[in-house]
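Trainee: I would like to learn how to read helix packing and overall chain dimensions. Please take me through an example.

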Amino acid sequence: MNNSMSRYVERFNVVERVLHWTLVVAFFILVFTGLGLYARTFFGYFDFFGGPQQGILFHKWAGVVFFTSSLLLALSHLKELFTFDQDDVLWLKKLGGYLSKEHEDIPQGKFNCGQKLFGIFSLVGTLVMGITGIIIWDPAAFGRGLTQFSLMLHALFFTLFMMGVVVHIYLTTLGNPGTISSMLYGHVTKTWAKAHAVKWYRKVQKG
Amino acid sequence: MARKAFLIDMSRCIACRSCQVACKQWNKLEPEATVNRGSYENPPQLTPQLYNQIQFIEQGQGDELRWLFMNQRCMHCGDAGCIKVCPSAGALYHTPEGMVAFNQDKCIECHYCVNGCPFDVPRYDRKKKVTKCHACVDRIANGLVPACVKACPTQTLRFGDRDALIAEAKAAGKTVYGESELKGLGAVYILEDAPQTYNLPAKPAIPASIFLWKDVIKPLGILGFWGAMGAALLHYVTFGPKKLDEYGRRHDDDLNPPEKGA
């Protein structure tokens, strides 16, 4: 779909899209089975999973799915995630242009600075949740001190993930119209590419 | 109801372990096979089938042997770590007397209480449910003293009005352990040496990670989530979305001619 007549540019291939939506489903199972453990207010959510014990079981195996798919997705973009240049400094200075009604000219690669930072956070968070999750899988298997610390970290990164996911969903749907099609159908319009990721667009157009 | 408590004067204990036996009998706890480890202390620690246990602290001092005894059990904390971390309301709870009891039907088998307890007391039984000393909740609700107290021949173990028992101990010139820590323990001790000698923390407190988890991260996390939701909504109605058609209008020159109907 990269021929010059098309209105579209391919952004995410089918493997990336399947990995992403797999981790999304696992994420929301994790949220709704985990909230019952997070605060008593949400204890009723366990009813959707056949009770607390079964909910915890769902949580553990959804955790394995999330960890695997999220890690694979991050690893397949590792180089892009950790490549920053002067334009990223500009992005940070202008806060991505989000505090302006006008379009700000901030040339960005395939992923803008904010997306890269979110990707790095997601990678770190996935590792923390995975490691602490294994430690508290059987809460009697490791020492009390390590288990207590892991329970705390697991809760901390849960709250960070929740805040991150709110921002992520807002910016990819309502905040930036046209973005979601990249994750649904794999492509974005050329207008989108020029507006949001002009350096990537130029690279793709050159072939 | 005025808060009740155990007053446990370890200087009176003769380590007869009547308390262990009476507890097992009243609570119908199964016998366990143990091994002789060269000490009268048996079993070596609390188990799912042993809600209170006499620890033998044996210190050699030249030719002399110093024998100290410690009645280990649930401390029935006023601010109980186990209740704080338990996700299932009512699985662990304070009785009207202020003791910490449990309801196995509500236990969801998460083991959080095992890690939330400052004294490492809760155990899980073969049904994978929480067990520990519940101060014979069935007896005290009917005006009786717990089975261990009933059986103690030396008045090491006493049970009654918490304030009265502490006042009495202080009037006799004793120092008590657990008067105010964790909003006051429901098992208050008279010790013959420093708490550490009895394997007790000098300043018992909710473990730091547990405090951070339940008292800092949990409320801030809920605030953070709704804060993020509010921020997104506010952004949408103030600066608004980055609409592509507006971008396109200003950059018409470098756009391909739009297809018909697009």
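Trainee: How many helices and strands are there in chain B?

Mentor: Chain B has eight helices and ten strands; helices (H or I, at least four residues) and strands (E, at least two) are DSSP runs, numbered from the N terminus. This is a predicted model, in which local features need pLDDT of at least 70, side-chain atom pairs count only at pLDDT 80 or more, and totals for chains, interfaces and linings use all residues. Residues are numbered from 1 along each chain as its sequence is written, with chains lettered from A and ligands numbered from 1 in the order in which they are written.

Trainee: What radius of gyration does chain B have?

Mentor: The radius is taken over C-alpha atoms, and the globule rule is 2.2 Å times the number of residues to the power 0.38. For chain B the value is 28 Å, whereas a compact globule of 262 residues would have one near 18 Å. Along the principal axes, the C-alpha atoms of chain B fill a box of roughly 100 × 50 × 45 Å.

Trainee: How are two packed helices described?

Mentor: By the angle between their axes and the distance between the axes. Axes here are lines fitted to C-alpha atoms, for helices over the stretch in contact, and angles run from 0 to 180 degrees between N-to-C directions. In chain A, the axes of α2 (residues 52–75) and α5 (residues 113–137) come within 10 Å and cross at roughly 150°. α2(A) and α5(A) are therefore roughly antiparallel to each other (angles over 145 degrees count as such).

Notes
Parallel < 35°, antiparallel > 145°, perpendicular 65-115°, else oblique.
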